[in-house]
Amino acid sequence: MTLKELMHSGALYDCDFGALDEELNKKLWECKDLLHDYNLLRPSQIAEKEEIIKKVFASVKGSFYIEQPFHANWGCNVSIGENFYSNFNLTLVDDAPITFGDNVMIAPNVTITTGTHPILPELREKRYQYNLPVDVKDGVWIGAGAIILPGVTIGENSVIGAGSVVTKDIPPNVVAVGTPCKVLRQIGDYDREYYRKNMRIDWSTIPR
């Protein structure tokens, strides 16, 4: 099994930079350099920013906007769907695939990580790591400061509350909050009538 295959398999491997083969070493520094350039662009340089993201990511389905600064360690393991938006300071530790569906919204200071380390200190001393993919389905909103840990799937249309630490899969169509993140309630009829507490949605002003 190649190192790249190991990285995507969930198996333990040596994550030291010195263990990288020529291809992976090139990919790693190429991503870092491109995102360095991305973060130095003027905010109004939208076309230039889009060009860099399309070079970095594995796939880009349609329209997207990613506020600066933005950080990823590989980039080539990230796929985004149509109408993707992230606010300031998104960090993606994409040692395994991170996949975003359509209409995903991400608030400031969110971290999504696929890479982690074994509990046993002797293995950490040898720089062993393993990675598990993260899958964020269509219509998900991730609140400010949330942390999504390796191996997590967030179901369609669900909302992750600000500051949550998501350690396990979240089902579709729920509001989930906390540390560790747990389902608070279903998204339903109340949310079709009110957008916040007693603040009613005026559907006559919203295009259908």
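Author: Alanine 72 has leucine 92, a residue of β7, as its bridge partner. The model is a predicted one, in which local features need pLDDT of at least 70 and side-chain atom pairs count only at pLDDT 80 or more, while totals for chains, interfaces and linings use all residues. Residues are numbered from 1 along each chain as its sequence is written, and side-chain values use heavy atoms, with hydrogens and water left out.

The strands come from DSSP: runs of E with at least two residues are strands, runs of H or I with at least four residues are helices, and both are numbered from the N terminus. β4 comprises residues 70-72, and three bridges join β4 to β7 (residues 90-93) in a parallel arrangement. Two strands count as paired if DSSP finds at least two bridges between them. The pairing belongs to an open, parallel sheet of five strands, whose order is β4-β7-β10-β15-β18. At its edges lie β4 and β18 (165-166), each of which pairs on one side only.

The loop between β3 (64-66) and β4 contains proline 69. The peptide bond that leads from glutamine 68 to proline 69 is cis, with omega near -5°. Both of these residues, together with Phe70 and His71, are in contact with asparagine 39, its neighbours within four places in sequence being left aside; contact means heavy atoms within 4.5 Å. Asparagine 39 is located in helix α2. With a relative accessibility of 24%, asparagine 39 is classed as partly exposed, a term for values between buried (under 20% relative accessible area) and exposed (over 50%), taken with a 1.4 Å probe and protein chains only.

β4 also takes part in covering a helix. The buried residues of α3 are covered by elements that include α2 (22-40), β2 (59-60), β3 and β4. In α3 (residues 46-56), the buried residues are Lys49, Ile52, Ile53 and Val56. These four lie on the same side of α3, because they cover an arc of only 100° around the axis; the arc is that of the directions from the helix axis to the C-beta atoms. In general, an α-helix has 3.6 residues a turn, so residues three or four places apart point the same way. Ala47, Lys54 and Lys55 are exposed on the other side of α3.

The peptide bond from threonine 179 to proline 180 is cis, with omega near 0°. Proline 180 is situated in the loop that links β19 (174-177) with β20 (182-186). These two strands run antiparallel and are joined by four bridges, with valine 175 standing opposite arginine 185 of β20. Their hairpin has four residues between the strands, and within it glycine 178 takes a positive phi near 105°. β20 is hardly covered, as the count of buried residues among its five is zero.

Asparagine 103, in the loop between β8 (98-100) and β9 (105-106), has phi near 60° and is partly exposed at 41% relative accessible area. Asparagine 157 has a positive phi of about 70°; its place is in the loop between β16 (153-154) and β17 (159-160), and asparagine 157 is partly exposed, with a relative accessible area of 39%.
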